[in-house]
Amino acid sequence: MNSVTGEMKASVAFVERNFNLARRYASWEVIFVLWNVVHVLTIGLIGVYMGGDDPVKVRQSVLFLIVGAVLWNFLRLLFYEVADAVAWERWEGTIEYTFMAPVYRLTHLVGQCLYAVLYGFIRAGIVLLAVVLFFSLSLVDANLQTAAVVLAAGSLSFLGMGLMAAVFPLLSPEKGARASDIFGTLVLLISGVYYDVSVLPDWLRPLSTYSPGTYALRSIRKALLQNASLAEVGGDLVILVFTGALLIPLGLWVFHLAEVYAKRTGRLKRSG
């Protein structure tokens with residue numbers, strides 16, 4: 001029991017460390033949040049244009065696009081924060097010390113994932129509040145409970161993919177972060193963030209069934225736009241939970257293999 005408690009405290013310590021790093025670069029964090037807000041507002045204004053003179057169509061278009069943009073910003077942050085934590089340590093030159101610390105790798109990565117979830121909720125909340133105020137949106141008819149449950153289930157899958165994406169900066173400090181961006185962009189393409197996946201070409205559409213983002217976006221849109229209950233999105237929810245239960249252990253295993261390879265080949269050193 002004492003051992004478990006110690007590992008939990010160590011995970012919390014990694015969360016605190018990451019928040020301290022964010023505080024050190026607080027001005028940049030503010031800029032990134034403002035960029036997120038402007039990006040989502042831009043996407044929402046596209047919906048205003050698409051709706052024309054019909055107020056009902058404008059509302060539907062704006063909500064469809066904004067839900068996709070806000071949700072993707074949250075899931076994208078989960079995906080990138082885990083990878084960025086590794087890239088940051090590579091840049092700081094501390095990755096070897098972290099790997100030599102007397103904690104389990106699972107403890108380390110759990111701390112990184114917890115930070116990503118907490119930080120993601122904070123940023124997504126700020127963006128959502130700004131969007132609601134800007135467009136005078138009302139979520140009175142939305143089923144927020146269903147949306148929250150689906151969001152939690154979808155987060156598991158993106159954390160698992162984030163663990164796999166963290167392999168790129170671990171193996172290559174120069175180009176690894178860019179490879180993580182490419183990975184995330186491919187997920188964006190097939191998940192229907194700004195459009196329904198039915199518009200994808202016939203040869204590309206089957207890939208959308210392999211993206212957890214597809215099910216998360218579809219279910220949350222139903223919850224927020226159609227007041228869908230948990231029972232109505234039950235099928236997608238089961239898929240998200242199953243996918244998360246599969247991708248997190250897979251991500252941990254892939255990261256372990258990459259860590260062993262990096263240590264054996266001396267790839268953790270920044271020079272020499």
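**Salt bridges and overall fold of the predicted model**

At a relative accessibility of 15%, Glu29 counts as buried, and in this predicted model its side chain forms a salt bridge with Arg123, the closest N and O atoms being 4.0 Å apart. The pair links distant parts of the chain, since Glu29 belongs to helix α2 (residues 26–51) and Arg123 to helix α5 (residues 105–135), 94 residues apart. Arg123 is likewise buried, with a relative accessible area of 10%.

In total, the structure holds 5 salt bridges. Arg218 forms one of them with Asp236, where the closest N and O atoms are 2.8 Å apart; because Arg218 lies in helix α9 (residues 212–226) and Asp236 in helix α10 (residues 234–265), this pair ties together parts that are 18 residues apart in sequence. Arg218 is partly exposed at 37% relative accessibility, whereas Asp236, at 9%, counts as buried. Arg205 forms a salt bridge with Asp202 at a closest N and O distance of 2.9 Å; here Arg205 is partly exposed, with a relative accessible area of 30%, and Asp202 counts as exposed at 60%. A network of salt bridges links Arg105, Glu259 and Lys263.

Of the 272 residues, 46% count as buried, and residues 24 or more positions apart account for 79% of the contacts with a separation of 6 or more.

Methods:
Residues are numbered from 1 along each chain as its sequence is written. This is a predicted model: local features need pLDDT of at least 70, side-chain atom pairs count only at pLDDT 80 or more; totals for chains, interfaces and linings use all residues. Side-chain values use heavy atoms; hydrogens and water are left out. Buried means under 20% relative accessible area, exposed over 50%, partly exposed in between (1.4 Å probe, protein chains only). Contact means heavy atoms within 4.5 Å. Helices (H or I, at least four residues) and strands (E, at least two) are DSSP runs, numbered from the N terminus.
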